Protein chains: 2
Amino acid sequence: MPLSRQKIAATAIRLADAHGLDGLSLRKIAKELGVGPMRLYDYVINKSELLDLMVDVVYARIAEVGQRSGWRDTVLAIAHATRDAALDHEWFSDLLGGRPHLGPHALAVGEATAAALSEALGVPDIDDLQRAVGALNAFIIGAVRREVTERRTTRFTGTDEAAFQASLGPYLTRMLNTGRYPTVARLVIDGAHLNAEETFDHNLTTVLDGITSRPRT
Amino acid sequence: MPLSRQKIAATAIRLADAHGLDGLSLRKIAKELGVGPMRLYDYVINKSELLDLMVDVVYARIAEVGQRSGWRDTVLAIAHATRDAALDHEWFSDLLGGRPHLGPHALAVGEATAAALSEALGVPDIDDLQRAVGALNAFIIGAVRREVTERRTTRFTGTDEAAFQASLGPYLTRMLNTGRYPTVARLVIDGAHLNAEETFDHNLTTVLDGITSRPRT
DNA sequence: GTATATATGGATACACCGTACGGTAATGAG
DNA sequence: CTCATTACCGTACGGTGTATCCATATATAC
């Protein structure tokens with residue numbers, strides 16, 4: 001059974017899921033596939049192209065949500081699918097926005113969201129559409145990124161308050177006790193753990209409302 | 001003149017500005033400072049702490065904008081300062097949102113924006129504030145990230161249309177010519193190069209409008 | 001002043017990384 | 001059968017972050 005870009009990408013994704021992007025190396029992928037490291041270069045020009053490949057595989061899953069009945073449902077579905085994908089493959093959030101996503105499936109997702117937003121804006125000026133797409137994507141990228149890094153730190157730190165205080169505490173609690181960051185302190189301390197998906201959804205609709213309710217240029 | 005965290009961070013920033021994060025190594029920093037690589041470990045626990053240090057130096061510059069007359073001006077100033085910093089230090093955008101920013105200056109910036117948003121929301125429920133901060137930061141992170149990667153690709157690709165077609169073209173134009181991505185194609189082709197700062201500002205106010213105009217939970 | 005403890009700076013070494021390159025085996029053409 | 005070309009493969013190079021040991025200088029105790 002010969003190698004292929006698909007198989008390489010698939011095992012690379014498995015390894016990245018298990019050990020993160022830092023724990024991913026061409027040598028390990030090759031070993032996992034039972035070949036010499038250099039064999040991969042017969043299918044991939046360099047490591048960053050492999051990363052692009054992995055990213056596009058994930059976009060394929062996102063693209064599957066397809067079109068919904070209304071533009072808003074479509075956008076919501078895509079955004080949530082992106083978030084879900086990033087939670088399944090945390091390395092994806094590290095790559096998100098870090099390089100142009102030009103793979104076929106990424107383009108398909110881009111097309112779907114752009115078309116939906118175009119519908120949302122009526123017959124929009126192209127500049128308006130450009131801005132709307134930019135705003136939406138910026139929010140998605142940033143929100144997903146934030147959520148993943150937060151999840152990572154709480155994984156290292158432990159979820160209960162005591163463990164949190166113990167690991168981040170020596171430094172962070174000292175900082176917060178200086179009184180120089182009262183609002184942040186309030187957010188950290190009695191900012192309850194509100195549901196992450198709900199927050200994402202809430203903020204997403206906030207952004208969408210902002211985009212659509214804004215007066216024309 | 002002995003070493004110090006400040007000096008190490010400063011030369012690390014210089015090198016990262018010049019050659020990017022990938023071109024940054026402890027050995028090069030050490031060589032630049034005229035010391036052995038291991039000396040750096042007397043001041044820094046490992047490379048990622050050094051990165052945190054660099055990030056916080058940049059946040060110090062952002063924090064300098066201080067408080068403006070109204071909450072909205074404050075938020076705008078901070079957001080634009082963040083964008084400016086990221087354009088001056090593109091590696092900053094690579095780190096933005098990728099790890100928790102807990103340095104003193106990062107906390108100061110967080111405090112300033114949280115306080116401003118708190119003022120904007122009246123006497124807000126803490127959950128509302130949490131969400132608002134999340135939405136704003138998500139947008140800033142994503143927008144800055146997008147802009148920097150776009151700037152990088154156009155730097156490699158050349159700015160004029162011909163050079164663009166020539167470098168990305170063989171692949172991208174073929175993709176767009178398939179007709180499967182009509183909206184994206186329209187955006188790429190006759191989406192004029194609209195002013196980046198203006199776009200950022202426009203979308204930022206869109207998000208702020210969304211945050212403030214949204215009915216309470 | 002001498003001896004001992006302690007801090008300071010340096011070099012070496014390890015495990016790993018991405019990937020350039022050269023050699024070997026297999027395949028097709030004349 | 002001979003030759004040329006292609007496909008496969010292992011080795012090796014220059015680089016990385018960092019652990020560890022060693023020498024030297026400085027400070028303290030007698």
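By class, the surface near DNA strand C has six nonpolar, three polar and four charged residues. Keep in mind that this is a predicted model.

Around DNA strand D, chain A places G36(A), M38(A), R39(A) and D42(A). From chain B come S25(B), L26(B), R27(B), K28(B), P37(B), M38(B), N46(B) and K47(B).

Next, the two protein chains. How is chain B placed relative to chain A? A rotation of 180°, with 0.0 Å of shift along its axis, superposes chain B on chain A at an RMSD of 0.1 Å. The two copies are therefore related as by a two-fold rotation axis. Both copies use the same surface, since 100% of the contact residues of chain B recur in chain A.

On the contact itself: 52 residues come from chain B and 52 residues from chain A. On the side of chain B that touches chain A, the elements giving two or more residues are α6 (104-120), α7 (126-157), α9 (169-177), α10 (182-190) and α11. Of these, α7(B) gives the most, with 19 residues. By class, that side of chain B has 24 nonpolar, 17 polar and 11 charged residues.

One helix pair in detail. Two packed helices are described by the angle between their axes and the distance between the axes. For α11(A) and α11(B), residues 196-213 in each chain, the axes come within 8 Å and cross at roughly 115°. Is that crossing left-handed or right-handed? The crossing of α11(A) and α11(B) is right-handed. On the chain A side, the residues that meet the partner helix are T206(A), V207(A), D209(A), G210(A) and I211(A). They face T206(B), V207(B), D209(B), G210(B) and I211(B) in α11(B). By class, this helix contact has four nonpolar, four polar and two charged residues.

That is what I have; I will take comments now.

How values were computed
Residues are numbered from 1 along each chain as its sequence is written. Chains are lettered from A and ligands numbered from 1 in the order in which they are written. This is a predicted model: local features need pLDDT of at least 70, side-chain atom pairs count only at pLDDT 80 or more; totals for chains, interfaces and linings use all residues. A residue is near a molecule or strand if its C-beta atom, placed from the backbone, lies within 6 Å of it. Ala, Val, Leu, Ile, Met, Phe, Trp, Tyr, Cys and Pro count as nonpolar, Asp, Glu, Lys and Arg as charged, and the others, Gly among them, as polar. Axes are lines fitted to C-alpha atoms, for helices over the stretch in contact, and angles run from 0 to 180 degrees between N-to-C directions. Helices (H or I, at least four residues) and strands (E, at least two) are DSSP runs, numbered from the N terminus. A crossing is left-handed if the near helix is turned anticlockwise from the far one by less than a right angle, and right-handed if clockwise. Two residues are in contact if their C-beta atoms, placed from the backbone, lie within 7 Å. Copies are superposed by least squares on the C-alpha atoms of residues with pLDDT of at least 70 in both.
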